[in-house]
Amino acid sequence: MFPKYDVIVVGAGHAGCEAAVAAANLGSKVLLATMNMNTIAQMSCNPAMGGVAKGQIVREIDALGGYSGIVSDVSMVQFRMLNKSKGPAMWSPRTQNDRMMFAAEWRKMLEAHPNIDFWQEMVTGIIVKDGRCTGIKTGIGLEIEGRSVVLTNGTFLNGLIHIGEKQFGGGRAGERASKGITEQLVELGFESGRMKTGTPPRIDGRSLDYSKMEIQPGDKKVSGFSFAETKKPESQMSCHITYTNPEVHELLKTGFERSPMFNGRIRGLGPRYCPSIEDKIDRFSDRERHQLFVEPEGWNTCEIYVNGFSSSLPEDVQYKALKKVPGFEEMKMFRPGYAIEYDFFPPTQLDISLETKLVKRLFFAGQINGTTGYEEAACQGMMAGINAHQSINEEEPFILKRSDAYIGVLIDDLVNKGTKEPYRMFTSRAEYRILLRQDNADIRLTPKAVALGMTDMDERMDRVNEKNLQVEEIQRKIRKTSIDPDSINGFLESIQSAPIRQKVKMDSILLRPNVRLSNIFSCVPAFAEAMSKYDDESLNLAEVTMKYSGYIKKEQEMVEKMNKLENLVLREEIAYDTIASLSAEGREKLKTIRPRTLGQASRISGVSPSDISVLLVHMGR
């Protein structure tokens with residue numbers, strides 16, 4: 001009935017879709033198995049992609065040939081570049097998306113791929129022979145052979161939904177939980193745990209009074225995620241902001257004794273940086289209000305997502321409290337918020353390639369590894385799909401270092417440090433974030449995708465080469481062109497910067513604080529006209545690399561020093577028990593994680609600098 005597949009992907013959420021695409025674009029024959037083909041790539045929680053650090057990840061996925069950026073651009077209803085008031089390392093693109101269009105575009109792109117097949121059914125287990133994963137078992141008793149398997153089960157593994165004192169099995173509202181996989185993996189020797197996440201109520205937007213809220217429009221200039229040409233919306237939808245108040249808080253507190261979070265029914269740890277509304281009130285009792293973002297779900301629906309009001313309180317308490325929020329007085333609820341508990345597997349059980357250590361050619365990606373967020377899941381799926389393909393072809397795994405991408409930071413953190421709570425990416429987690437900006441993801445990563453053999457990358461590589469040429473030309477012209485005092489001094493005085501007394505080169509002005517290239521263009525229209533032939537992305541990149549050249553050079557020097565450790569490979573068979581000078585904790589951690597390089601070893605919690613020195617001596621260094 002089935003051919004033998006190269007890669008079988010279990011689960012068709014964000015991780016599963018990117019895993020399937022990555023392996024297929026490298027030439028593998030892929031089966032994407034899902035419990036419901038109508039929920040492929042569903043946005044289970046908020047209808048948005050990107051945000052702080054997450055937007056950088058989406059651009060990195062796109063630069064490597066993934067589809068998340070393209071689908072996000074095509075289905076966007078609003079675009080914003082966050083943190084523009086801060087330095088460029090913090091600039092983060094974010095789209096508000098049409099939930100139904102997002103899923104439909106993903107399915108259309110997957111179905112158009114000749115290397116991807118589909119099967120709709122619950123997967124209840126994997127097939128393991130001689131320590132290697134060779135396929136999957138399904139609920140109706142089928143066995144489907146595969147040379148490798150990627151598990152991207154999201155919140156479905158023994159998922160349990162909580163609303164007040166009610167609880168019922170499910171991986172998402174209206175969908176059943178997945179049974180069997182956790183139990184089998186535990187039998188094979190894997191350690192499992194429980195995590196919790198939540199979602200807010202969905203509201204009828206026709207019943208809201210937006211005049212009582214702050215409007216939050218999109219950016220006038222829409223750049224989007226993808227480095228390829230994508231169709232952007234001609235108009236945008238606005239979001240709105242409102243706030244809770246003491247009356248809302250008091251009403252919510254009346255449900256605390258029935259809250260599964262406070263009475264012990266929920267054992268899993270929830271996301272620290274996206275707490276429920278009841279958790280916010282409990283932890284930040286001194287605050288009189290909390291911000292709520294009122295987000296539209298799409299062009300052709302009145303459904304509203306209340307970002308910031310995630311809750312597992314009884315539905316009547318949620319309803320009464322929301323009615324006291326400004327603009328929500330006549331509110332009608334479509335469905336209440338809920339919490340969901342699910343199984344995960346501590347990611348220290350994975351190699352840096354996302355292959356499990358216990359079973360070869362078995363890969364984990366997404367929330368099964370303890371992460372939270374579409375973007376974190378999608379990038380893991382991409383890397384797992386690539387490495388599943390690499391594994392069956394006896395090729396070296398594709399590894400991104402911390403200095404290469406936020407994707408590298410995320411996977412390195414998970415594998416070396418593990419996580420006891422849902423892991424979310426932040427710019428602060430990346431020590432080289434000036435190098436890992438959203439504007440240069442294509443320059444950093446597209447050449448790697450081409451070298452890897454990813455299909456349909458020729459046009460993208462041509463774009464990268466053209467962008468590099470444009471940036472060099474722009475910088476050369478800025479350095480060679482002079483500007484006279486009469487043109488610029490009025491602007492310099494307006495920003496309280498010292499005026500110039502004679503002609504100077506433009507780069508010396510650009511390097512001053514609070515001076516942008518756009519300011520120089522305003523003062524020198526002839527120069528602006530000469531530069532109009534270059535696209536905005538090249539102009540912005542040229543400006544950023546010039547203004548921050550000192551910081552960029554410093555980080556590059558740090559990377560070169562760190563790469564000396566990254567290039568020292570630790571043999572897999574090292575007997576750490578025989579190295580007497582290692583600390584007891586360091587020895588245990590090294591035995592458990594078995595890092596591939598000395599650089600990786602240096603980032604493992606519990607491995608001290610003296611342990612690294614001991615390993616250097618042991619390696620004859």
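Me: Does Phe 345 count as buried or exposed, and what is its relative accessibility?

Reply: This is a predicted model, in which local features need pLDDT of at least 70, side-chain atom pairs count only at pLDDT 80 or more, and totals for chains, interfaces and linings use all residues. Residues are numbered from 1 along each chain as its sequence is written, and side-chain values use heavy atoms, with hydrogens and water left out. As a general idea, buried means under 20% relative accessible area, exposed over 50%, and partly exposed in between (1.4 Å probe, protein chains only). Phe 345 counts as buried because its relative accessibility is 1%.

Me: How many aromatic pairs does the structure hold?

Reply: Rings of Phe, Tyr and Trp (its six-membered ring) pair if their centres lie within 6.5 Å; planes under 30 degrees apart count as stacked, over 60 as edge-to-face and the rest as tilted. The structure holds seven such pairs. One of them joins Phe 190 and Phe 345 edge-to-face, at 6.3 Å centre to centre with 85 degrees between the planes. This pair links distant parts of the chain, 155 residues apart: Phe 190 lies in the loop between helix H5 (181-187) and strand S13 (193-199), and Phe 345 in the loop between strand S20 (338-344) and strand S21 (362-364). Helices (H or I, at least four residues) and strands (E, at least two) are DSSP runs, numbered from the N terminus. Phe 190 is buried, with a relative accessible area of 4%. Another pair, Phe 521 and Phe 527, is tilted, at 5.9 Å centre to centre and 50 degrees between the planes; both of these residues are buried.

Me: Over which ring does the charged end of Lys 84 sit?

Reply: A charge sits over a ring if NZ of Lys or CZ of Arg is within 6 Å of the ring centre and within 35 degrees of the ring normal. The charged end of Lys 84 sits over the ring of Trp 91, 3.7 Å from its centre. Likewise, that of Arg 287 sits over the ring of Phe 284, 4.8 Å from its centre.

Me: How many disulfides does the structure hold?

Reply: A disulfide is a covalent bond between the sulfur atoms of two cysteines. Here it is taken as a pair of cysteine sulfur atoms within 2.5 Å. The structure holds zero disulfides. For Cys 302, the nearest cysteine sulfur, that of Cys 239, is 16 Å away. Cys 302 is partly exposed, with a relative accessible area of 24%. For Cys 379, the nearest cysteine sulfur belongs to Cys 17 and is 14 Å away; Cys 379 is buried, at 0%.

Me: Which residues touch the most other members of the largest nonpolar core?

Reply: In soluble globular proteins, nonpolar side chains tend to be buried together. A nonpolar core is a set of buried Ala, Val, Leu, Ile, Met, Phe, Trp, Tyr and Cys residues joined through side-chain atoms within 4.5 Å. In the largest core, of 92 residues, Leu 151, Leu 362 and Ile 407 touch the most other members. Helix H9 (residues 374-392) gives the most to this core, with ten residues. Contact means heavy atoms within 4.5 Å. Leaving aside neighbours within four places in sequence, Leu 362 has contacts including Leu 151 and Phe 190.
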